[in-house]
Amino acid sequence: MVDGIGAEAVLLGMPGFVVRAVVEDDDGEVWGAVETTATAVGCPACGVRARSKGRRRVQVRDLSVGGRSVRLVWSKRRWTCPDPDCGRGSWTETHPEIQPRAVLSERTRRWVFGHARRGWRWNLTQERRLGLVLCEARHGEPGAGGDQAVRS
Ligand SMILES: [Zn+2]
């Protein structure tokens with residue numbers, strides 16, 4: 001029998017994340033609720049085991065699946081340092097595949113800008129395939145890793 005959490009992590013293909021739920025909305029867009037697999041972290045300032053301070057949701061567009069656009073909703077953990085002598089306070093978890101305030105997952109950004117660098121011309125079909133609003137792609141910031149584009 002397949003381990004459900006392991007299988008969902010494999011299907012997502014984003015190491016460090018698991019899928020908690022998947023729904024399809026009335027427009028056919030797929031929404032995936034994801035969380036990181038981390039259960040305990042240390043304070044980045046003093047190393048004391050951090051205490052959970054709840055979660056905050058962020059959403060990004062991800063690579064399409066089966067021709068349907070995908071949004072990931074990440075319930076990011078908020079942590080706080082329990083040591084009263086530590087000045088770190090609270091912080092929100094981070095992951096290299098979903099950057100703070102990003103509108104695209106990193107693999108989607110690499111895919112988009114990998115095509116843009118090669119002179120790929122946007123058209124409406126391609127935008128719909130990615131589920132992107134054109135201005136999101138134009139206002140994103142090209143970065144390293146474009147040659148490692150991940151294809152859906
Ligand atoms: Zn601390």
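These are my notebook entries on a predicted protein model.

**Ground rules.** I number residues from 1 along each chain as its sequence is written. Since this is a predicted model, local features need pLDDT of at least 70 and side-chain atom pairs count only at pLDDT 80 or more, while totals for chains, interfaces and linings use all residues.

**Layout.** I took helices (H or I, at least four residues) and strands (E, at least two) as DSSP runs, numbered from the N terminus. I found 4 helices and 5 strands, and from the N terminus on they run α-β-β-β-β-β-α-α-α.

**Strand pairing.** I called two strands paired if DSSP finds at least two bridges between them. S1 (residues 17-24) and S2 (residues 30-36) pair in the antiparallel sense over 7 bridges, and Ala-21 has Ala-33 in S2 as its bridge partner. Their hairpin has 5 residues between the strands, and there Gly-28 takes a positive phi near 85°. I then followed S2 to S4, where the pairing is parallel over 5 bridges; Val-30 bridges to Val-70 in S4.

I counted a residue as buried if 20 or more other C-beta atoms lie within 10 Å of its own (exposed: 12 or fewer; partly exposed: in between), with C-beta atoms placed from the backbone. Buried residues make up 20% of the 152 residues. A nonpolar core joins buried Ala, Val, Leu, Ile, Met, Phe, Trp, Tyr and Cys residues through C-beta atoms within 7 Å. The largest such core has 14 residues, and those with the most contacts inside it include Leu-12, Leu-72 and Trp-74. Strand S3 (51-65), strand S4 (68-80) and helix H2 (106-117) each give two or more residues to this core.
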